[in-house]
Amino acid sequence: MKFIKRADQLILTIDHTWDGKHLSDFFEAYHFSKKNKHLLHQYKDYTLNHEYVYDAPLKTGDLLSLKAYERDD
């Protein structure tokens, strides 16, 4: 999977290992906290191919853009 960070956005290009899996599976696999998942959904701070979707199947080549929150310890 390729990624770039631009300003406060992390932009990922989905690869074949995620083909057919859902966005919620992605969040789960990368251990997104409940708080961050909630904030992403609440403020629509992520897009899949430049559109907000709640949960959708991923395809090879999709662009997932996430707001990069500051880490709170």
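Student: Does Y30 count as buried, partly exposed or exposed?

Tutor: This is a predicted model, and the class follows from computed accessibility. Buried requires under 20% relative accessible area and exposed over 50%. The relative accessibility of Y30 is 46%, so Y30 counts as partly exposed.

Student: How are the rings of W18 and Y30 arranged, stacked or tilted?

Tutor: The structure holds 8 aromatic pairs. In the pair of W18 and Y30, the ring centres are 6.0 Å apart. Planes under 30 degrees apart would count as stacked and those over 60 as edge-to-face. The planes of W18 and Y30 stand at 40°, so this pair is tilted.

Student: How many residues apart in sequence are the parts that this pair ties together?

Tutor: W18 belongs to the loop between strand 2 and helix 1 (23-29). Y30 is in the loop between helix 1 and helix 2 (34-42), so the parts tied together are separated in sequence by 12 residues.

Student: Which residue has its charged end over the ring of W18?

Tutor: W18 itself counts as buried, because its relative accessibility is 10%. At 5.7 Å from the centre of its ring sits the charged end of K21.

Student: Which residue of strand 4 is the bridge partner of L48?

Tutor: Strand 4 (residues 63-67) pairs with strand 2 (residues 9-13) in the antiparallel sense over 5 bridges. Strand 3 (residues 46-48) also pairs with strand 4 in the antiparallel sense, over 3 bridges. In strand 4, the bridge partner of L48 is L64.

Key. Residues are numbered from 1 along each chain as its sequence is written. This is a predicted model: local features need pLDDT of at least 70, side-chain atom pairs count only at pLDDT 80 or more; totals for chains, interfaces and linings use all residues. Side-chain values use heavy atoms; hydrogens and water are left out. Two strands pair if DSSP finds at least two bridges between them. Helices (H or I, at least four residues) and strands (E, at least two) are DSSP runs, numbered from the N terminus. Rings of Phe, Tyr and Trp (its six-membered ring) pair if their centres lie within 6.5 Å; planes under 30 degrees apart count as stacked, over 60 as edge-to-face and the rest as tilted. Buried means under 20% relative accessible area, exposed over 50%, partly exposed in between (1.4 Å probe, protein chains only). A charge sits over a ring if NZ of Lys or CZ of Arg is within 6 Å of the ring centre and within 35 degrees of the ring normal.
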